[in-house]
Amino acid sequence: MCGIVGYIGRRDVAPLLLEGLQRLEYRGYDSAGIVITGKSGDLKTVKAKGRVPRAGGPDPKRFAGTTGIAHTRWATHGAPSDENAHPHLDAAGTVAVVHNGIIDNASELRAKLIADAPSSPPRPTPRCWPT
C-alpha cells in the first residue's frame, strides 16, 4: 500500500517526513521520496527505489525548509525504479505531485503531457539515500 505524509509548519520538515515514512513501512511499497519547498521557493527532491533509510536521509543543509510532502509507492504503473518513485515533478521543477491508487486514464494523460512538454529534458532527480 502507498502512504502520504505532509507537513506545513515552523519545524525543519526533512526529519519529520523521514520519520513519517519510516512509520508507514513496511506495507509492501517499492520506493519512497520526499519534496521540500526551500526558502527561495524552489523544490528539493529525493526519491529512490527500495526501503526508507533508518539513518542519514537527506542532507539537512540542502533540504532546509518547513513545508514538504513524502510518499511510499506500491507499483501500479511502471516498474519499481528511482524514476517512477514519487514525488513527480513537472519539467520546470515547479510542481510536485504524489498520489495513491490507479489513474485510469494514465496512458492518455502521459501522451498529452509528452506532446505538451518543452523540448528541454527534465532535471535529473538526485538520490540522497542508499537503496
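Mentor: A residue counts as buried under 20% relative accessible area, as exposed over 50%, and as partly exposed in between, using a 1.4 Å probe and protein chains only. This is a predicted model, in which local features need pLDDT of at least 70 and side-chain atom pairs count only at pLDDT 80 or more, while totals for chains, interfaces and linings use all residues. Residues are numbered from 1 along each chain as its sequence is written, and side-chain values use heavy atoms, with hydrogens and water left out.

Trainee: Is Asp42 buried, exposed or partly exposed, and why?

Mentor: Asp42 counts as partly exposed because its relative accessibility is 29%.

Trainee: Where does Asp42 lie?

Mentor: Asp42 is in the loop between β2 and β3. Strands are DSSP runs of E with at least two residues, helices are runs of H or I with at least four, and both are numbered from the N terminus.

Trainee: Which side chains does Asp42 join in a polar contact?

Mentor: One is the side chain of Ser40, at 2.7 Å, and another is that of Lys44, at 2.9 Å. A polar contact is a pair of N or O atoms within 3.5 Å; within protein, one must be able to donate a hydrogen and the other to accept it, and residues adjacent in sequence count only if both atoms are side-chain atoms.

Trainee: What else does Asp42 touch?

Mentor: Not counting residues up to four places away in sequence, Asp42 touches Ile36 and Thr37; contact means heavy atoms within 4.5 Å. Asp42 and Gly93 are 51 residues apart in sequence, and their C-alpha atoms are 7.9 Å apart in space.

Trainee: Let us step back. How many helices and strands are there in the protein?

Mentor: The protein has two helices and six strands. From the N terminus on, the elements run β-α-β-β-β-β-β-α. Of the 131 residues, 34% are buried.

Trainee: What order do the strands of the open sheet have?

Mentor: The order of this four-stranded open sheet is β1-β4-β2-β3, with antiparallel pairing. The edge strands, β1 and β3 (43–49), each pair on one side only. Two strands pair if DSSP finds at least two bridges between them.

Trainee: What packs on the sheet?

Mentor: Helix α1 (residues 13–24) does, touching β1, β2 and β4, and its direction makes about 155 degrees with that of β1. Such angles run from 0 to 180 degrees between N-to-C directions, with axes fitted to C-alpha atoms, for helices over the stretch in contact.

Trainee: How many bridges join β1 to β4?

Mentor: Six bridges join strand β1 (residues 3–8) to β4, and the two run antiparallel. Within this pair, Tyr7 stands opposite Gly68. Strand β2 (residues 31–37) also pairs with β4 in the antiparallel sense, over seven bridges, and there Val35 has Ile69 as its bridge partner.

Trainee: Is β4 mostly covered or uncovered?

Mentor: Strand β4 (residues 67–73) is mostly covered, since five of its seven residues are buried. His71 lies in this strand and is buried, because its relative accessible area is 0%.

Trainee: What does the side chain of His71 reach?

Mentor: The side chain of His71 reaches the backbone oxygen of His99 at 2.9 Å. Leaving aside neighbours within four places in sequence, the contacts of His71 include Cys2, Leu21, Ser31 and His86.

Trainee: Finally, which residues in the largest nonpolar core touch the most other members?

Mentor: Of its 15 residues, they are Leu17, Leu21, Ile34, Ile36, Val52, Phe63 and Ala70. The elements giving two or more residues to this core are α1 and β2, and the largest share, six residues, comes from α1. A nonpolar core is a set of buried Ala, Val, Leu, Ile, Met, Phe, Trp, Tyr and Cys residues joined through side-chain atoms within 4.5 Å.

Trainee: And what does Ala70 touch?

Mentor: Apart from residues up to four places away in sequence, Ala70 touches Gly3, Ile4, Val5, Leu17, Leu21, Gly33 and Ile34.
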